[in-house]
Number of protein chains: 4
Amino acid sequence: MSPLARRCFAEFLGTGLLVTVVVGSGIAAQALSIDAGLRLLENAAATAAGLAVLIVILGPVSGAHFNPVVSLADHYLGRRTRTGLSGRTLGAYVLCQTVGAIGGAVLADAMFAKAPVAWSQHRRSSPHLLLGEVVATAGLVLVIFALAGAKRTSQAPWAVGAYIGGAYFFTSSTSFANPAVTVGRAFSNTFAGIAPVSVPGFVLAELAGAVVGLGLLALLYPAAGVAADDVVVPQVGTSARA
Amino acid sequence: MSPLARRCFAEFLGTGLLVTVVVGSGIAAQALSIDAGLRLLENAAATAAGLAVLIVILGPVSGAHFNPVVSLADHYLGRRTRTGLSGRTLGAYVLCQTVGAIGGAVLADAMFAKAPVAWSQHRRSSPHLLLGEVVATAGLVLVIFALAGAKRTSQAPWAVGAYIGGAYFFTSSTSFANPAVTVGRAFSNTFAGIAPVSVPGFVLAELAGAVVGLGLLALLYPAAGVAADDVVVPQVGTSARA
Amino acid sequence: MSPLARRCFAEFLGTGLLVTVVVGSGIAAQALSIDAGLRLLENAAATAAGLAVLIVILGPVSGAHFNPVVSLADHYLGRRTRTGLSGRTLGAYVLCQTVGAIGGAVLADAMFAKAPVAWSQHRRSSPHLLLGEVVATAGLVLVIFALAGAKRTSQAPWAVGAYIGGAYFFTSSTSFANPAVTVGRAFSNTFAGIAPVSVPGFVLAELAGAVVGLGLLALLYPAAGVAADDVVVPQVGTSARA
Amino acid sequence: MSPLARRCFAEFLGTGLLVTVVVGSGIAAQALSIDAGLRLLENAAATAAGLAVLIVILGPVSGAHFNPVVSLADHYLGRRTRTGLSGRTLGAYVLCQTVGAIGGAVLADAMFAKAPVAWSQHRRSSPHLLLGEVVATAGLVLVIFALAGAKRTSQAPWAVGAYIGGAYFFTSSTSFANPAVTVGRAFSNTFAGIAPVSVPGFVLAELAGAVVGLGLLALLYPAAGVAADDVVVPQVGTSARA
């Protein structure tokens, strides 16, 4: 497997398993608990733990973006120093992330004996939810790239996991913060789903949040023109830039 | 942006987002859960996670005080060795923290489609609650500055997050422990709010707690005359002292 | 005690206490809580914490496998470089793990005044549960050996604990992921039990999951032909290979 | 203050605040939640977080024993190499721990507007509870001193916190595992209390557990004849041995 193929496979697998964690724990929580807050707590705790572990094990291969806005921000921040993803790699990453996310939803549905593909009926389109999604994504982008600016990338897995786990509660949108995951969650008509009609709004809000996050980063860490590959976790030698 | 402006912006943003986390997760918990303890557990878990992450990412810029009593203690402890905040910087920090805290409450209300400003009706003034607030703040000051005395500042983000998360339960006041956050929480008539009439008592109790905490610190770590900038997290080179 | 005897004793004790944690916290959760999801949350949190601590303290003695599929994968991955468990040591490990697991279930039952041995009546045999068990075990094997491939073994205790805690919710099988623990859990007719008739299916699913995990590992970390003794935690000098 | 006085003060304060955390969060949990398991989860989470933080900040001063059986084991293990607590220091530690524990219970009661001293009516004397207490204490002693044997003392705060948090659920006794804390908890007639008549049995079970834990340690780490001062956390230079 070529280095780029291996990196894309890691993004496919990582984004897929992230959606499996999100959707699967959502199905379990809905089946097992009555209280809506307790369901979200179970969903958030499983997601925080699973996401942190996925970053730990796949970061050295691909940077563990698992998220088109993270890859896009990496491309943007590294464009001058040529340390970010190239345009071609960016496209490959986003494709693998999105296909992986859909696969992860199908796997979760299969594990819980649900129809493998069922469009979610859960509409999420109120303006205040979109504001929540802007805040959630701005925060995520700031967390990831500030860690690079501060040379604290070894803290990334647990910091990102803790951030997302907390944001399930402190944002009104329960913090999707990820266009690929948003698409994947449309494929499962369960607790963590989102109706396809609400997807474009969420994705636009996430893009807007990324812009806000990059703006805050520029104010706080003006020298942080770095690549997310080095941000999320340092890469091992075999993963040459493509 | 000047170094001092950048540091103040970090204090503004960090204190603001901390209040967004506290108030936002409180609104979510109140809306989603019935049991009062479960609500507080959700609120505490989100706060602990969010606070730890904010300290990780903003500590290198400003020291991540997010709290007037921490800045004041830093000023006091470093007054002889001139390693603490100067009087002018202290004033700027406290102002940015307080304005940020109010902004954070407004943002949380907006995300959850609440009135942007509504005075809290939640009175918190019983003597035993004030004792709880003294204990909470004494503990927080001791935790932060003992970490410096023990040269364990890299543990600060997770230790401070864990401390506050635990103190939501083991103190009777649910551990505000922060005058700026206390002011901010008066601006939201939701789960985590505090009636304006109760704010002065809480702030006085927090100041008393800071004195107790500094007294314990002097007994345990007599040599800890250090600056909180170096306590919470070591600063990067670009943030010159102002 | 010979080095091999000491290692086997650590596997016996560690697997035993792991089952004590799983079964004991399951009994407590069932006795104390009504909501099925809350019971699983209590069970998952105690298991994640207990497993992480057991790996921290016993890893330096035996590698802290506590799991026949981990030992088997270690043997398989290290067969060419002769860095894995020998066939004889593998047999000793699996035996000690299995006997320990049964002892751990008996101890948990005794602590909670249950009959020391009572076959579980809890059937777990639906195909989607077996798929869940394949996913759970594939993930566990990937987590453990990817940490070695990435030279991040110091993260193993907390990563493995977090993984299993999350997988209690995101897999449909609640993530046994361990043939020895599966056998042990058949000996207790309580919350975490599994009917003996369902054990063979679970063990086969776990073996299939291990194969899937090793396949993913080969794609992601082609150079990771390493021994799990060095994976889970580096060994101290006194534990010579046997 | 002499070095020994400072160390004893740290043991007094740390054990006291530990009981404040245990009893205080128990009172809060009982007042706020209905479900018994949820109450214990809140109590366990607050205790785990608070204990870990107390070890982080007070370990460098006194070793953060907070527990007579830990001090006793330290004395026993270091008796030949003269690296453990001297007999005189042991006596001072145990006295300070016990007085602190009582003070901590009084403080918790005061914070929650309870009678400052009220004997607990909560009898805990069934044989299976005593077995639970043996297991809990054996595990605690093994965790603390195995970390020294494995030269992993920097993990002690979080490992000990996680262990106790998990053991609240996986032992039938909810894991007191500490004679001083057991005495302190007799002084509060609340959720975490223990009737005075049940105290001697619990203390004897804890001593028996310590013996079991030391036996396991001798099998697993035969060279671990070390002082707990160096176990829990390395001491700073100013705290000379007394």
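Helix axes are lines fitted to C-alpha atoms over the stretch in contact, and the angles between them run from 0 to 180 degrees between N-to-C directions. Helices are DSSP runs (H or I, at least four residues), numbered from the N terminus. The model is a predicted one, in which local features need pLDDT of at least 70 and side-chain atom pairs count only at pLDDT 80 or more, while totals for chains, interfaces and linings use all residues. Residues are numbered from 1 along each chain as its sequence is written, and chains are lettered from A and ligands numbered from 1 in the order in which they are written.

The axes of α2(A) (residues 36-62) and α2(C) come within 10 Å and cross at roughly 30°. The two helices α2(A) and α2(C) are therefore roughly parallel, a term for angles under 35 degrees. The crossing of α2(A) past α2(C) is left-handed, that is, the near helix is turned anticlockwise from the far one by less than a right angle. In this contact, A:Leu38, A:Arg39 and A:Glu42 of α2(A) meet C:Gly37, C:Leu38 and C:Leu41 of α2(C); residues are in contact if their C-beta atoms, placed from the backbone, lie within 7 Å. Three of the residues in the contact of α2(A) with α2(C) are nonpolar, one is polar and two are charged. Here Ala, Val, Leu, Ile, Met, Phe, Trp, Tyr, Cys and Pro count as nonpolar, Asp, Glu, Lys and Arg as charged, and the others, Gly among them, as polar.

Over the whole interface, 29 residues of chain C are in contact with 31 residues of chain A. On the side of chain C that touches chain A, two or more residues come from each of α2 (36-62), α5 (127-149), α6 (156-170) and α8 (199-220) of chain C. The largest share of that side, eight residues, is given by α5(C). By class, the side of chain C that touches chain A holds 19 nonpolar, eight polar and two charged residues.

Copies were superposed by least squares on the C-alpha atoms of residues with pLDDT of at least 70 in both. Chain C is superposed on chain A (RMSD 0.0 Å) by a rotation of 90° with 0.0 Å of shift along its axis. The residue of chain C that comes closest to the rotation axis is C:Leu38, at 5.3 Å (C-alpha). The copies use different surfaces, and 3% of the contact residues of chain C recur in chain A.

Notes. Contact = placed C-beta atoms within 7 Å. Parallel < 35°, antiparallel > 145°, perpendicular 65-115°, else oblique.
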